[in-house]
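I open this notebook to record, entry by entry, what I looked up in the structure shown below.

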Amino acid sequence: MVELFTALAMVLVIEGIILSLFPHRLKQLLEMMTEMPHATLRGGGLVCASLGVFLIWVLRVA
């Protein structure tokens, strides 16, 4: 359970750093996302989630 909260904390750290360093660019990306079709966003999310699960699996097995 500690690992889950550590991972969530790392996500917050990374998002906070990106938001503080590139706020204008992040706003532009979010505006671009509103124009993208739902299927494209869903596909990108599934690819990212699958890649994350694969990386966790590789790190745990090694």
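**Entry 1: salt bridge.** I began with R60, which forms a salt bridge with E3; their closest N and O atoms are 2.8 Å apart. The pair joins distant parts of the chain, with R60 in helix α3 and E3 in helix α1, 57 residues apart. I took a salt bridge to be a side-chain nitrogen of Lys or Arg within 4 Å of a carboxyl oxygen of Asp or Glu. By this rule I count 1 salt bridge. I note as background that side chains of opposite charge can pair when their charged atoms come close. I then looked up the accessibility of the two partners, and both R60 and E3 are exposed. The classes I used are buried for under 20% relative accessible area, exposed for over 50%, and partly exposed in between, with a 1.4 Å probe and protein chains only.

**Entry 2: source.** This is a predicted model, in which local features need pLDDT of at least 70 and side-chain atom pairs count only at pLDDT 80 or more, while totals for chains, interfaces and linings use all residues. I number residues from 1 along each chain as its sequence is written, and side-chain values use heavy atoms, with hydrogens and water left out.

**Entry 3: fold and extent.** I found 3 helices and 0 strands in the protein, and the pattern along the sequence reads α-α-α. Helices (H or I, at least four residues) and strands (E, at least two) are DSSP runs, numbered from the N terminus. The C-alpha trace spans about 40 × 30 × 20 Å along its principal axes. The radius of gyration is 15 Å, whereas a compact globule of 62 residues would have one near 11 Å. That radius is taken over C-alpha atoms, and the globule rule is 2.2 Å times the number of residues to the power 0.38.

**Entry 4: surface.** How many of the 62 residues, in percent, count as buried? I recorded 0%. The protein exposes about 5,800 Å², of which carbon and sulfur atoms supply 77%. Accessible areas come from the Shrake-Rupley method with a 1.4 Å probe; for residues, only the protein chains shown count as cover.

**Entry 5: aromatic pair.** My search of the whole structure returned 1 aromatic pair. F54 and W57 form this pair, which is tilted, at 6.1 Å centre to centre and 35° between the planes. Rings of Phe, Tyr and Trp (its six-membered ring) pair if their centres lie within 6.5 Å; planes under 30 degrees apart count as stacked, over 60 as edge-to-face and the rest as tilted. Both residues lie in helix α3 (residues 38-61), 3 residues apart, about one turn of the helix. F54 has 46% relative accessibility and so counts as partly exposed; W57, at 51%, counts as exposed.

**Entry 6: helix α2.** R25 lies in helix α2. Its relative accessible area is 42%, so R25 is partly exposed. The side chains of R25 and Q28 are joined by a polar contact of 3.1 Å. A polar contact is a pair of N or O atoms within 3.5 Å; within protein, one must be able to donate a hydrogen and the other to accept it, and residues adjacent in sequence count only if both atoms are side-chain atoms. E35 also lies in helix α2, and E35 counts as exposed because its relative accessibility is 68%.
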